Amino acid sequence: MPILRASLHPAKTLFMDPLALPRPDYSHPYPLGQVYRPVLPTALWPAEQAAESDAVANSEAAAGLKEALPPQPNAFWAQPFRAEPVRMGDFVGATALGGVVNFFDWWLNPHGNGTHTECVGHISKERIVLCDCLTHFAFYADVVTVAPRELPAPAPFSGRDAVVTAADLQAAVQGLTAKLGAAAQSSPALASPARASPPLALVLRTAPEAERRNRHWTGTNAPYVEAAACAWLADQGYDHLLLDLPSVDREADQGLLAAHHAWWRYPHATRMQATITEMIVVPDALPDGRYWLHMQVAQVAMDAAPSNPVLYRLGD
Ligand SMILES: [Zn+2]
């Protein structure tokens, strides 16, 4: 689409009014299956920006989908992702085995096999599916880094847990916001209303990439997020939380799922539009800051679906 790109580029205008996204009107969601194209056609991204995109999906999870081979990340004792060619009579759905096409069955658990996005349907008694909740796919997103703290495990558990505390998360978010505010003083583009307004998505990095990619979390009592931190993020107006951990809650918590409930305010004031994306990997080369997030999610009518969130650097 070179013509479109030529007419909508230059980069200087790219991040001003044409992309000054109002907060999505969730009361009028786009019909299922209709991508929210008017806001962020990929052709609008200049090539050099697109080239600088960083997938924050745990790519081996996506790769798990590509190859069905180890290494794959894993959590919550889920069976590994696997794919097998269909066999019917003489037919075999694998060209490597002499078939005419590749035609595989898959076995997948989105919560345990890699990067996935989930909606309140993950914890609700009612059947609620992600493709009804996530109807907008492009947002500003802030990336913050917060190391979990070692704290005593909550009763009745013993030992110590690694926890992202509300205080630490709040300090990181407020620190970044202040930094962006100061930068906006010196750049009109950064001061544009869209750039200056709080983003809808927060990407939480808790460790370097190498400690998160293809991690086998099952049975490790993975780090988690304090419920008060999720409540605070919801209060700030964030709708999408992405993190490099297998869950916002403790691996074993007697079914409490306190952070999930705090985030979605379920069941009393449920935030239907809110999502959590778990088991991402944030590239080390990507500093804390504000980005464009493109949420690529398989449209599966379930509580969660494999996803491939991609962050784009913003121009100056
Ligand atoms: Zn999950």
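A: Helix 7 has 21 residues and reaches 31 Å from its first C-alpha to its last, close to the 30 Å expected at 1.5 Å a residue, the expected span being 1.5 Å times one less than the number of residues. Helices (H or I, at least four residues) and strands (E, at least two) are DSSP runs numbered from the N terminus. The model is a predicted one, in which local features need pLDDT of at least 70 and side-chain atom pairs count only at pLDDT 80 or more, while totals for chains, interfaces and linings use all residues. Residues are numbered from 1 along each chain as its sequence is written.

L169, A172 and V173 of helix 7 are buried, a residue being buried if 20 or more other C-beta atoms, placed from the backbone, lie within 10 Å of its own, exposed if 12 or fewer, and partly exposed in between. Seen down the axis of helix 7, these buried residues fall within an arc of 90°, so they line one face of the helix; the arc is that of the directions from the helix axis to the C-beta atoms. On the face turned away from that buried side, helix 7 carries the exposed residues Q174, G175, A178, G181, A182, Q185 and S186.

The buried residues of helix 7 pack against strand 7 (138-145), strand 9, strand 10 and helix 9, where contact requires C-beta atoms, placed from the backbone, within 7 Å. With helix 9 (residues 227-236), helix 7 (residues 166-186) packs at an angle of about 35°, the axes lying 8 Å apart; axes are lines fitted to C-alpha atoms, for helices over the stretch in contact, and angles run from 0 to 180 degrees between N-to-C directions. A166, L169 and Q170 of helix 7 meet A228, A229 and W232 of helix 9 in this contact.

Helix 9 in turn has A229, C230 and L233 buried, and, seen down its axis, the buried residues of helix 9 fall within an arc of 100°, so they line one face of that helix. The cover over the buried residues of helix 9 includes helix 7, strand 9 and strand 11, among others.

Strand 9 (residues 160-164) and strand 11 run parallel and are joined by two bridges, strands being paired if DSSP finds at least two bridges between them. V163 stands opposite Y224 in strand 11. These strands belong to an open sheet of three, in the order 8-9-11, with mixed pairing.

Terms used. Two residues are in contact if their C-beta atoms, placed from the backbone, lie within 7 Å.
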